[in-house]
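Subject: A structure for you to look at

Hello,

I am handing over the structure we talked about, and my notes on it follow below. Please have it open while you read.

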Amino acid sequence: MHVAIIGNGIAGVTAARWLRKLSDDVRITMISAESDYFFSRTALMYVYMGHQRWEDLMPYEPFFWKKNRIDLLRRYVERVDTNGKVLHFGDGGTLAYDKLVLATGSSPNKFGWPGQDLRRVSGMVSAQDLDNLEEITPEIKAAVVVGGGLIGIELAEMLHSRHIPVSLLVRESSYWSNALPPEESRMVSRHIVSHGINLRHDTELAEIQDDGGGAAGAITTKTGERIECQYVGLTAGVHPNIDFLRDVAELELGKGILVDDYLQTSVPDVYAIGDCAEVRNPRPGRKAIEAVWYTGRIMGETVAYTLLGRPVAYDPGIWFNSAKFIDIEYQVYGEVPAHGRDGLTTLYWEHPDGEKSVRINYEESDGRVVGFNLMGIRYRHEVCEKWIARGTHVEEVLQQLGMANFDPEFYQEYEAEVVELYNRQTGKQLQLRQKRGLKAALQFLNFKRRAPRATATPDAQ
Amino acid sequence: MPSKTTQKSLLQYIGLGLFVLALLTFTAMLGLERYQLSEEDLIDTVAPDPRSVQDGDGEAASTVSAGSSGGTSVQADDAPAQEPVTDVDPKARLIHEIQGDAFREAGRERGLFGTTFGSSFSFSARVGEVFEAAKVRVNERVDRLQEENALPEGVSEWDIRLSDPIYFKQNLAALTAAAERGPVKNNPVLFLGLTIGLGLLGGLLYILPKFRGHAGIKNDHVYHAQLTKGLNLGWRSFFLGVTTVGIIGYGIRYMASDWFWPAVTAATALAIIGLVMFVQHSWRNAPARAADPAGLSAYLGIFAGTYLIGFYVLLYWAPEHVAPWITMVDPLKQGLFGGVASQWFLYGVLYTLIILVMGVRMIAKYRHNKYQIVRTLSVMFFQTAFAFIIPEILGALNKPQQDLKNIWPLDYDFFFGWQLDQFQSAGALGTFMLVWGIFLVIVGVPLMVHLVGKRWYCSWVCGCGGLAETMGDPWRQLSDKSLRAWKFERWIIHGVLVAAILMTALTLYSYFTGAESLLGFQTWKVQKWYGFLIGAGFAGVVGTGFYPLMGNRVWCRFGCPLAAYLGLVQRFQSRFRITTNGGQCISCGNCSTYCEMGIDVRAYAQMGQDIVRASCVGCGVCAAVCPRGVLRLENSSEDAGYRTVPERVIHVSEEEGVVMKF
Ligand SMILES: Cc1cc2nc3c(=O)[nH]c(=O)nc-3n(C[C@H](O)[C@H](O)[C@H](O)COP(=O)(O)OP(=O)(O)OC[C@H]3O[C@@H](n4cnc5c(N)ncnc54)[C@H](O)[C@@H]3O)c2cc1C
Ligand code: SF4
Ligand code: SF4
């Protein structure tokens, strides 16, 4: 069997790795127009800021692919012929397949702004975007970044590291307020401003103006304000990268490629995973398109089983995510809606320095814990997840809260203050019974003990 | 204007300027002095009159450098040279007569006296000629004595004959010191201020402003800066090759043209290259993801590396050329501890000050991270107190200058005969030092590593680690993360451990049996070669000189036998591991990039696998730089076994769908 995978992002690569793990016989070809090897898209910013080199973004050494017999093709797929089961490349070549996996990722959103196709206007999604930005950087005296999401702040931080004055335009009245609860959202806004980035709340882009030479020279906002800039970063979200699939007759597309519970598209033997997939029946509380690293990884693994005739339904598990807003780390586990919901109670503790917080969400009715949101403090994924999965009572969680703490040694622990806050709000007399430490966490997680230590080298994946 | 550098304040530019000035002065001062030797100084140094009062040279027996870069017994102790002088010793008198006369005559003939030499090079060249001429004369005299059968009872011809010039090195340094004239000799304190003083001031002016602004990860422009971006594999290999060949080549000379051990070393090196490249397929698996920026870049890094390499070469093997540096720190030594400064005192002073100043930098850089702060304060303390001040005080009290935190086999001469004798002759204190040293090896190391991992030593206590974590921090990203580098690492470091054990076994065999050799291997030669190759060449020249070329832990990762020992315990019998936070890793690579030990942390983290690696020194930087809070250094008696299994966080299973393994 020959499986062709379009896209060498985390979704495609995970699928390929698991195919090889589960079967020795399957022939695997992975195609991408973007780069020779898989790289970590999430780390593009670190190359621009000089933290890492391009090579450092590659999680596997080049020989890994040969060793695991995963054929790599650097081609652009122009057309997919699902009847003949053939891919047609931009350079005229073709490739026959038995099963096809679409893992084509996302493209940046553009909302038809005048001037959006000028030179020095770009998104920040691909390796080419990065190269392009590097190339034009000497021309940039000031920059505007449009969009208050995760990529927007990264792009602003990138430009800021090169000492370019940046204005970050955010439509809402605080940063990423459609995903972060208000307190955390305001915390990030404060932090951005304190770094000297010109954060413009309640500001929307109206038009990008030509500098006379076909490149961006300024923008105007919807209120008519003009900001001089030689670069405009468009980071108002992404959408599935599916344009080249529009003429595939039987392939049902929504915003993304529509897939069933087994990640199958409407065409037999064609599957879609990662950012480009739109799940027809998302689990309760989950979105149909979740353009994040982790879901791409889970989908990749799931589809490998299904491809090999061992069907496994896609289950994204309990939601988790993380990010870093300049210097503030952010982790979320479970249900943390930006604007709350009926019946959901929240316990929010914030450090006086205004850069650390713990939020615990639980059901008002029966006290079941449903979500954790952390700013500037690290919590253990597995512990939080197990509490949520079990529906543990918030008071039980609070008394054990230290078990979740994942901050480095010697860091101050704030769990007692969180419990104290709860006591003050409810009149209870809870005590923190568990401090930070691995032993308690492992026992709680009930890991198998006394197994031999792995002798495998990381290369032998 | 966009730029690829970090922003610096005026004060920082001034600091930088002062530092550069200090470095220039420090370098240039070596050329400022003139050398002029008197007859008396020559004779007093090479063949002193046993009847004249001998000043006990407090430094003579010191082989423990304050820097503790693997200990540094680079001295002529092991050469079959003169015995210590006693008043009525006929041997000493004969040496004084015969050698003294020969040197005097040769010196006059070659115009050594009264001539002013413009540099230490012309001076030592002339002394070399004088030595050769004197050697001929001595040999003639000894031949005659032998013909006449006039050698006194108990004196052999070899006590008097001059042997290979390499054994004259120690004298050469002393002669240069005696002959030194000029501004530094006249104003040592002034030069101390202009170099070390100014350097300190400049460094602090540059570093202290770093405490301002936001705390957080400060890696902007690391790979843009000429000093820190490293060079590609080809150029790295070039520097490494030249240095290795140079060291082994000079080693033949160092061993007085006995090429046996240099040849064994070269053969071993080739064997390891063959093993890794061909038996273990690294050749086939090229290209590797090496620490490999494009082309020959990082000119400042190359300059810094070359400077450091040069510094170590001079310090270890040509101290006659650094007399002005030693002269300059002499008042410091006299003022603080009494006695005469040697090159090891100079080294100790520099080493300690660099750890202190760069330690402040480390704290400024990681001021949001308490683990880093505590750890850095710890290495600063252990260097200052244990490696520098306490041994100096012990020396001043005429006690063995033992660095109590230095552990065999890093402290490779701990079991050398003279060292054991010294412990035994130093009363209760000596006995304590001996017992303490053995206790550390047998109980201290395994127990502590079991409890908290090898980090307790490597990144909290050790002097080599201390330098790597402070001065070396700007270069930690240059370690090679390829699988190939890991293969080299395992062969080489365990090879050094085996070498250290065999060398020490031979030493102890000789010590207890009195035999000078075993199976034809002469003990003193094995010791001498180990000290040269590992103690000086690997730990010093390559270990530190290659900071800007191959990262700050070259020695700790590839060479240190103690690290190998600690690592074995850590790998198989320790509570320490780095835990991975569930599925949060985004494979960004920051952890691997900034792991100074070249561990591909990401390879584990992205599979949710806990990390138990022999080489991890527990610096905690991977956990600090991870933007997603994925890593934590932890100790627990709960077994690490299951959690180190690859693909532990299996999200999918056919039966259960997505699961975390609770
Ligand atoms: C700057 C940035 C930061 C991010 N940070 C985070 C984060 O912190 N956490 C998180 O969870 N997520 C983050 N994300 C999102 C995350 O990177 C994506 O969800 C993830 O990379 C999607 O993986 P994928 O495999 O679905 O697609 P992609 O990684 O986008 O890979 C798709 C590949 O397919 C190729 N391709 C597409 N069409 C064709 C064709 N016709 N022919 C040939 N090749 C084709 C593309 O060129 C591309 O290489 C970030 C994204 C960006 C851009
Ligand atoms: S794995 Fe982490 S703690 Fe260990 S040496 Fe590397 S960076 Fe330091
Ligand atoms: S730094 Fe953190 S997120 Fe990045 S690869 Fe390492 S463990 Fe993963």
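A word on naming before we start: helices here are DSSP runs of at least four residues, numbered from the N terminus. Please also keep in mind that this is a predicted model.

**The site around ligand 1**

With that naming, three helices of chain A stand out around ligand 1: helix H1 (10–22), helix H5 (150–161) and helix H7 (293–307) each give at least two residues to its shell. In total, 32 residues surround ligand 1, and the closest are Glu34(A), Val77(A), Asp275(A), Trp293(A) and Arg628(B). Because the surrounding residues come from chains A and B, the site is shared between chains. Within chain A, domain 1 (2–106 + 239–307) and domain 2 (121–236) each contribute at least three residues to the shell. Sorted by class, the shell holds 15 nonpolar, eleven polar and six charged residues.

- Asp275(A): an N or O atom of its side chain is 2.7 Å from an oxygen atom of ligand 1.
- Val77(A): a polar backbone atom is 2.9 Å from a nitrogen atom of ligand 1.
- Trp293(A): a polar backbone atom is 2.9 Å from an oxygen atom of ligand 1.

How much of ligand 1 does the protein bury? Taken alone, ligand 1 exposes 990 Å², and the protein buries 94% of that.

**The site around ligand 3**

Now turn to chain B. Ligand 3 is surrounded by 13 residues, the closest being Cys585(B), Cys588(B), Gly589(B), Cys591(B) and Cys626(B). Helix H24 (590–593) and helix H25 (601–605) of chain B each supply at least two residues of this shell. Its make-up is nine nonpolar, three polar and one charged residues.

**Backbone details**

Most residues other than glycine have a negative phi, and most peptide bonds are trans.

Ile326(A) is not a glycine, yet its phi is positive, at about 55 degrees. You will find Ile326(A) in the loop between strand E21 (320–325) and strand E22 (328–334) of chain A. Is Ile326(A) buried or exposed? Its relative accessibility is 7%, so Ile326(A) counts as buried.

Phe410(A) also has a positive phi, near 75 degrees, in a residue other than glycine. Phe410(A) sits in the loop between helix H9 (394–399) and helix H10 (415–426) of chain A. With a relative accessible area of 38%, Phe410(A) is partly exposed.

In chain B, the peptide bond that joins Trp408(B) and Pro409(B) is cis, with omega about 5 degrees. Pro409(B) belongs to the loop between helix H14 (370–396) and helix H15 (417–424) of chain B.

Lys222(A) is in the loop between strand E14 (216–221) and strand E15 (226–228) of chain A. Its relative accessibility is 58%, so Lys222(A) counts as exposed. Which residues does Lys222(A) touch, leaving out those up to four places away in sequence? They are Glu204(A), Leu205(A) and Ala206(A). Lys222(A) and Leu205(A) are 17 residues apart along the chain, and their C-alpha atoms are separated by 5.9 Å.

Enjoy exploring, and write back with any questions.

Best wishes

How values were computed: Residues are numbered from 1 along each chain as its sequence is written. Chains are lettered from A and ligands numbered from 1 in the order in which they are written. This is a predicted model: local features need pLDDT of at least 70, side-chain atom pairs count only at pLDDT 80 or more; totals for chains, interfaces and linings use all residues. Side-chain values use heavy atoms; hydrogens and water are left out. A residue is near a molecule or strand if one of its heavy atoms lies within 4 Å of it. A polar contact is a pair of N or O atoms within 3.5 Å; within protein, one must be able to donate a hydrogen and the other to accept it, and residues adjacent in sequence count only if both atoms are side-chain atoms. Accessible areas come from the Shrake-Rupley method with a 1.4 Å probe; for residues, only the protein chains shown count as cover. Ala, Val, Leu, Ile, Met, Phe, Trp, Tyr, Cys and Pro count as nonpolar, Asp, Glu, Lys and Arg as charged, and the others, Gly among them, as polar. Domain bounds come from an automatic or database domain assignment. Buried means under 20% relative accessible area, exposed over 50%, partly exposed in between (1.4 Å probe, protein chains only). Contact means heavy atoms within 4.5 Å.
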